[in-house]
Structures are given as C-alpha cells and as structure tokens.
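Good morning, and thank you for coming.

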Amino acid sequence: MLAQTSGCTVLTREKRSLYHFNHSFPASDPAFRRSLDTFGNMMVGGNSAEILNNGDAIFPAMLGAIREAKASVNLESYIFKDDRAGHLFADALMDAARRGVEVRLLLDGTGGAAGSLFEPMKKAGVNARIFHPVRLTPWSLYKIGQRTHRKILVVDGVTCFTGGVGIQDVWLGNARNPHEWRDVQVRVTGPATAQMQAIFSEDWIFTTGEILAGDKFYPAIPSAGGVEAQAIKASRGDSSSLAKMLYYVAIQSAEKSIHIQNAYFLPDDQIRVALGNAQRRGVDVKIMVPGTHIDVKLVRMASRLHYGDLFEGGVKIYEYADTMLHNKTAVIDGIFSLIGSINLDARSMRKNAEESMAFYDHDVAARLEATFAEDLKHCREVTYESWKKRGLLTRATELFSWFFKPLY
C-alpha cells in the first residue's frame, strides 16, 4: 500500500506474523548456532557479559560507565523521568559532556522525555533528542503508536548495557518492596557492542539525520572474554517480526528447558501452541510473570485469559509476588539466552522499535538460570485448578482486557 507523507511516497506493508519452523535440531546443535545469523547480525565471540540484578547493581554500573567515558556516550531509553533516578543520569551525562565527551541522548516521545531535566542537559552540551515527539493535534496523534522501546547505553563504542530498565525511581533499590521493581540488565564488553551501537544509530539517524561513524563510535575492539553474543533488533518497518521469529525458533528448537521471564506476557496463538508442544515433547517449560504488583492491571487480566492453552500443554506459570517483575529474559536448554527490551506482546512483536542481546554460552545461561531459580522463591505458582475456579466477573474482565492487547 502507498502512503503520502511530508511530500514523499513511502511503501507501507503489514508485518508477517505467522511462521513455519519445525523442530529439526536442538539449541545445542552447531546448526542452531550458525542459524542465529539469520536475525540480522552475526554471533561474534570475544565478549564478556555481566548479569546485573536490580537497581542497586544496575544503576551504579551504568552511571560508572558514563563517568569513565572518554569519547562517546549514546543512551536511548523509553522512559526517562524527572525524579531522583533521572537526576542521577542527567548529572552524569552533563558532567561527561562538560569534560568533552560526545553525549547523545534519545528519548521516546510517548514514554517520557525527562521533563524539566531536558533543557538543562542540552545547555550543558548533551545532544538530547526526542524520537517521534507527540503533539496533541489530530494529524500527529498517530505517532503515539510509533515508539522506541529500546533500552541501550553504549560507552566509547566498547561497552554496552541493555535489559528492561528505564530511568525512573521505581527501578532504584533491590526489589525489597512494591516500590522497588525487579529487573535484569546485562553489561557486555567486546565486539558485540558494535552491533548494539548500530541499533542505537538506526533511531538516531532517523531522528536527526546524523550518521555516526569513526573511532568514537566504532573503534577496533579487542577480545574481552570468551562469550559469543549478538545484538538483535526489531523495527516497526521490518517486513517480518524478528522479535517473534527469534522466540519462535528458540522455542521450537528446545529439547530440555525453556525458562522465560516477561513483564507483559501476551503471546499470540502460535507462540502458546509452540510452548505447549515443547512441554509435550519433554521440555521443562516455566513462565514467570508479574503477580498483583503490576503497573498495567489490564495486561495481567488479558494475559490470564489464555492460561488454559498453556496449562493444557503442561506449561508451568509462576507469578512474582513481592513487587513488579519487569524482567525480559529467556534461557533455552542451558545454552541460548536473551536479555533485552522485548516483551511477548503484540506491540513488541509488531510495532515498537526493540532490541535484545542474545548469548550462545553455557556460563551466561547458567547465571541467568540461577537468577530464575532465585526469583522462583518469590513466586506463587498458578495452577490449572485455581485458574479454572476464577469467577464470572474475572472471566469477563479478562475478555474485555484482551480486546485492548494491541495497545499495551
């Protein structure tokens, strides 16, 4: 279909959302490892990866990297609030800019644009921009649905961070109470950082027209460890959903275990069937989602509507009890793992700009499995029996909530 926009004609298309991939080889097979190159970037070795749990570990690591930056800092975030967390990052970014570091900040127009911190950062030398600014006019409201949900920090082109964390007070702390969210971030140093830099650059170029090139952004990166990693991106204009393809291929390839933590768990029919089929062929499938502490209540209700499909396949579902679980991780067969911004919902699968860091490494997978096991201690298992006993009003609310799933 052709659409006229700002004097130029662009081609728009529906994103393919149904795929065919048989369980032909396990995740442990070298063929699976080689096939990961299908998802846009090659899996590259020579990386180190550090799993960071909750704000008490995540914020000092990210802020420390900014403070130690020598050439460039590129930060992209869906949420950046004018609160204590926002001030911590604003101060670090402004300090870096004042000492001569090139600092670029890209914030989503819908999620939050730093409030009163935005202009002071610009005056201090931070090149701060808004991805799809939202203006309350009838002809621009459509941009509310055009979001970057990416969470990327790249420092000196050598080290990058990603995960579920936004810049807001709820991410501070150590998930000790409902005011401190549970989340996971990863710090990667090594060649895979260049791939995450390119993902940041995609949205930066779209927003500003500035092409990022040269040693400030893409230096020669020596080996930093033995971890194989790749950055995966999903963009609104892609003809296929790389986010869904990634999860679908991983689920279809599993032979031993699938352990998923996801904040907004609204998988479509095909993913639900694939998870059930994996359990039926002997795979240990465990899904961890938020419990009553969730920021968007309708998402939880909509998610629970189709739990029956998963229970009938033998899938186990756990709800995190202490606070909002915002993790977006997956571990397949103790070898392949994902950490990033991707939710298993329609918006991440089809509309948002998203990203994830994928790892083909037993040690990284083991560390994430240990995190999963620890989080299980804070969960309540949802059983098929308890789910079937929910009342008529609850069922009606779930159905009502599901109608709005493309908006979450």
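Let me start with a definition: a residue is called buried under 20% relative accessible area, exposed over 50%, and partly exposed in between, using a 1.4 Å probe and protein chains only. At 41% relative accessibility, Asp95 therefore counts as partly exposed. This is a predicted model, in which local features need pLDDT of at least 70 and side-chain atom pairs count only at pLDDT 80 or more, while totals for chains, interfaces and linings use all residues. Residues are numbered from 1 along each chain as its sequence is written, and side-chain values use heavy atoms, with hydrogens and water left out.

I turn to salt bridges, each defined as a side-chain nitrogen of Lys or Arg within 4 Å of a carboxyl oxygen of Asp or Glu. How many salt bridges does the structure hold? There are 22.

Asp95 pairs with Arg98 in one of them, with the closest N and O atoms 3.3 Å apart. Both belong to helix 3 (residues 84-98), and because they are three residues apart, about one helical turn separates them. Helices here are DSSP runs of H or I with at least four residues, strands are runs of E with at least two, and both are numbered from the N terminus. In general, an α-helix has 3.6 residues a turn, so residues three or four places apart point the same way. Arg98, at 57% relative accessibility, counts as exposed.

Another bridge joins Arg176 to Asp56, at 3.8 Å from N to O. This pair links distant parts of the chain, 120 residues apart: Arg176 is in the loop between strand 8 (159-163) and strand 9 (184-189), and Asp56 is in helix 2 (residues 54-67). Arg176 is exposed at 55%, and Asp56 is partly exposed at 42%.

Glu319 lies in strand 13 (residues 316-320) and Arg304 in helix 8, so the bridge ties together parts 15 residues apart in sequence.

Salt bridges also link Glu102, Arg104, Glu210 and Lys216 in a network.

Finally, consider helix 6 (residues 242-253), where 12 of 12 residues are buried, including Lys244 and Gln252. The expected span of a helix is 1.5 Å times one less than its number of residues. For the 12 residues of helix 6 this gives 16 Å, which agrees with the 16 Å between its end C-alpha atoms.
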